[in-house]
Amino acid sequence: MASARALLVVAVYLCVNCINCDIETTTAGNTSVHKINSHRPYLEDVSYHGEIDENTNSVNLHPHIFAKDDDDGVNGQICTFHVLDETVPFRIDLIDAVTGQGSIVVLDPERIDCERQPEWKFEIQAGDCGKTARFSHKSTVHIVMADINDNKPYFNKIAYEAAVDEGEILYNFTQVEALDDDCSPQYSKICEYEIITPDVPFVIDNKGMISSTKPLDPSNVASHVFSVAAYDCGNKKSDAVTVTVTVNRLCTQGIKGISKRIEYMPNSDNHIIGPKSFLELCAPSECNSSSVSMTFDLDTDHIVMGCDRDTYSVAAQRQMCNAPDEIVDLLPTPNVGEKWTEDLQTDDGHENTQVYKFDGEDSHVSIPDKFVPKNLTSTFSITTWMKHGPSKDVKETILCYSDAEGADLTSNTTNDSAIIDIDSMNRHHLSLYIHNCRLVLLLRRQGDDNTDYTPAEWRWKLTEVCDKEWHHYVVNVNYPQVKLYVDGHHYEAHHVMNDRPLHPTAYASTLTVAAAWEGGFRQYIDHFNGYLTGLAILPGKTESKEVITCIVACKEKLTINKDTIPVHQVNVNKAGNRITITGPLDESSLSYTMQQIGYINERQYPTPGQRPLTVTVKATCDSQPINIRKLQSYIMVVRPSEPTIEISGSNHIARMASDLLTGILPLSDISIVTELQETAEIDEETGEELDPVDVAQKLDSCSVVTDSLMLSEHESLTISNELLDQFNLRVISSANGLIVKGIQSIENYEEVLHDVVYTNDKGHDYRIFTVRCTELNGRYVSNEYMVQLTILHKKLSKNPLPKIVTKLSRQNLQGPKLPAQMLKHKEHMFKAASKTQGDLSQKLTKKYNATGSSSGGIMTVLIVVCVGFLAFVVFLGLFRIYMVHRTGGEEKSDMEWDDMSLNITINPMDPENAQAIEDTDSSDEEDESANNSEESEAEEEEEIMEPVKGSPLEWDDGNLKM
């Protein structure tokens, strides 16, 4: 009983102290105690990546394999690793049970071959050392093969053969191709081909294309045989392959009579390409059935915008296409009032038009507020020419209408109660941009209903956006409908996104080109990288299909009169650069058809240079193809003679300051002449050189600016709106002048400039006006014509009299009237004085201009003083010749004249004369008062003295006495 009680106590003790023990009883009756394996092992990483060397079969794994177990003792050790995919040629060996490190080992080296299988992916587990082993979670092992260049390239054919025609250098006439079975791009790619046979007239490029280096002659070598080898990018060489080139002796059949170079003179009519061209065949043309297809291809892709088009300004082009004139040109040629593009980088005229280049980093332009169209929400059009290449995953803005300002988000705020909506500070109301070669239009309307989702973003996936070629884009918005036209072709948006409207705010907006403005952060983002020209917005209307077709129409094309073609069918493509002739193989009628094909360039100043012309013929006779060689030619457009624009007229005018109050016409006698001096031609009959022909041109702008940086508030330059509407012209005003824009004749521009009115209600001494006119959007510029306006502030006296004579006139002094002959002589003398005044004024003005003096008032005073003195001398001479004496109120019938000085004697005893003398004595005081009343003095000096009867004056031949 006692022993049983003791065993119970021992059992209870063991249960209490070994609650975490695993009790095991052996067959011998002995009992052993083990710790319970309560934790699963775990691998330190979820995935492992390794690389195996194909030669050594060693695996470089990252990170290394380690497993852990949180149990103590043996249960916390790692005893095994398992690869769960038995098909893979790998196992994992245990390196250290305590640290749990394992190493991956290759089981079957023969299966390690990059060409068979370049990579392996499998799962592994770790097991602990517990009596009842526990296993970890699964981890993934990804092993790739480190390829070695163990395969050499090989050609896909045993030998290559090609047949070529004699007589010409042939480019890329045949191609060889090699392959490589290595698995990595480094060793499987062919990097070089080599002709290993020396001294053969052929070359090969890295793509295996073979060309000849000189014309081949079958009389020398009828067949060329040479060897070619290929190299992979690890420089392993292939076995050589044989290439045989057979040279065919040609018959003379083909297109004849079309020159290699065809010259085209600008402003000439339709130029026939081959007036004597014909098709010559070697094989007999008598066929039971025959067909021919002849194609004339004119290549103009290298010309700006794909072909020769007019390079007038946006507004001028629209005027020529009878389009609405409300267009807003966002990238105009820098000119008066339109100078926001003057700092942009251009192509220096390489494209013969005003093209702007944007670098994608910091080049952009902000449009002045007064030129930004309003209400760009419902109906408008965006049009532009654009050249853009591939770009990375970046957003490139063409134009953006966004919030101009808002709370400054660049500084930290300590006011926690103030909540700032960042989006409201940087909202984009309208944006046209490129992203991943997709053209995107963003249009966010304003409203208070946040639940009203409406179309807000349209996307077009186009190859034209990133092909580095010029294309014309028109986005017509008639909300919610949006249409895109590229080069005149309509494209539907492949994706349209809806969004909520923007909340109306009091923030102003700004329009930017080639970048987006973020008002809250005060920065420009998403810069455009490419070329733009003709970027404009048409508010309130959409562009019509007719206008789009007119704008993108090419001015150069191939021509043919279909009505004169008797047998063959003629097809001309829409661009006018391809003509296809199909029909029966009739040499005579086909030659006649070829002789009707011509070239014309309707631009007044076409882009000079080559236009490659290719003629391809495919013919059959009784279903057998006839080999007709392709003809390569080119049309050379000769550089046109540049026009000269000459402006002339008076270089100096003088006007009274009072006249400027109502306005004067400072350009009333301006004259404009534009001439195009063509190359002198030779008379075919006489052989003599003919005089060059002067061809009148049209203008597209004229600017009038003053010499000041800014007109004062008292000045203005204006033109009659009625006259502008009559000639369909428009005016843009600037701080110091104006510019008239639109395509019109010289006569109409002259009439408009004659009508320029200048007003000034606060006098200046002078003002200089500068006039400049342009043609073809600034491509040709006139001389700078300058006219100086001298402003006179005091009228010149016609008869400046001595002060004493003026006093006598005030006393109604009477004298005889001058005879008509004397008055006539006096008038002649005054005209001579006026002419002298004009000559002197011009000389002084020239001297003033030469010295660069800035004091126009001094010049005016000098002119007035000199002319006044000259007039005084003339009048004094008349007085010395003519003398009158009247006493007692009776008129003398006999008058005595001599060559003595004029003498006037006044009786001092007479009261009236005494008063006159007293007035004379106080002349100093009157002089002072006269300075204060110059205008009344001038009017009094202009009065003509009328002799009054009864004047108590006594005349003698002595000196003038009073």
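Start by colouring by pLDDT, the predictor's confidence in each residue, from 0 to 100. The chain averages a pLDDT of 76, with 73% of its residues at 70 or more. This is a predicted model, so local features need pLDDT of at least 70 and side-chain atom pairs count only at pLDDT 80 or more, while totals for chains, interfaces and linings use all residues. Residues are numbered from 1 along each chain as its sequence is written, and side-chain values use heavy atoms, leaving out hydrogens and water.

Select 407–420 next: pLDDT stays under 50 there, and the model gives this stretch 16 contacts (heavy atoms within 4.5 Å) beyond four places in sequence. Then try 679–685, where pLDDT also stays under 50 and the count of such contacts is 11.

On to a sheet. Helices (H or I, at least four residues) and strands (E, at least two) are DSSP runs, numbered from the N terminus, and two strands pair if DSSP finds at least two bridges between them. Show β5, β4, β11, β10 and β7: in that order, these five strands make an open sheet with mixed pairing. The edges are β5 (59–62) and β7 (78–83), each pairing on one side only. From one strand to the next, the twist averages 30°; the angles run from 0 to 180 degrees between N-to-C directions, with axes as lines fitted to C-alpha atoms, for helices over the stretch in contact.

Zoom in on β10 (119–128) and β11 (139–146), which pair antiparallel over six bridges. Which residue of β11 stands opposite Trp-120? Pick Ile-143.

Now for helix α5, residues 545–552. Val-547, Ile-548, Ile-551 and Val-552 are buried in this helix, buried being under 20% relative accessible area, exposed over 50%, and partly exposed in between (1.4 Å probe, protein chains only). The four cover an arc of only 120° around the axis, so they sit on the same side of α5; the arc is taken from the directions from the helix axis to the C-beta atoms. As a reminder, an α-helix has 3.6 residues a turn, so residues three or four places apart point the same way.

Last stop: salt bridges, meaning a side-chain nitrogen of Lys or Arg within 4 Å of a carboxyl oxygen of Asp or Glu. The structure holds 12.

- Select Lys-152 and Asp-239, whose closest N and O atoms are 3.0 Å apart. Lys-152 is in the loop between β11 and β12 (154–155) and Asp-239 in the loop between β19 (223–232) and β20 (241–248), 87 residues apart. Lys-152 is partly exposed at 41% relative accessibility, and Asp-239 is partly exposed at 48%.
- Select Glu-556 and Arg-611, with closest N and O atoms 2.9 Å apart. Glu-556 belongs to β43 (556–559) and Arg-611 to β47 (609–621), so the pair ties together parts 55 residues apart in sequence. Glu-556 is buried at 3%, and Arg-611 is buried at 0%.
- Select Arg-767 and Asp-707, which meet at 3.2 Å, N to O. Arg-767 lies in β58 (766–775) and Asp-707 in the loop between β53 (698–706) and β54 (715–718), so this bridge ties together parts 60 residues apart in sequence. Arg-767 is buried at 7%, whereas Asp-707 is partly exposed at 38%.
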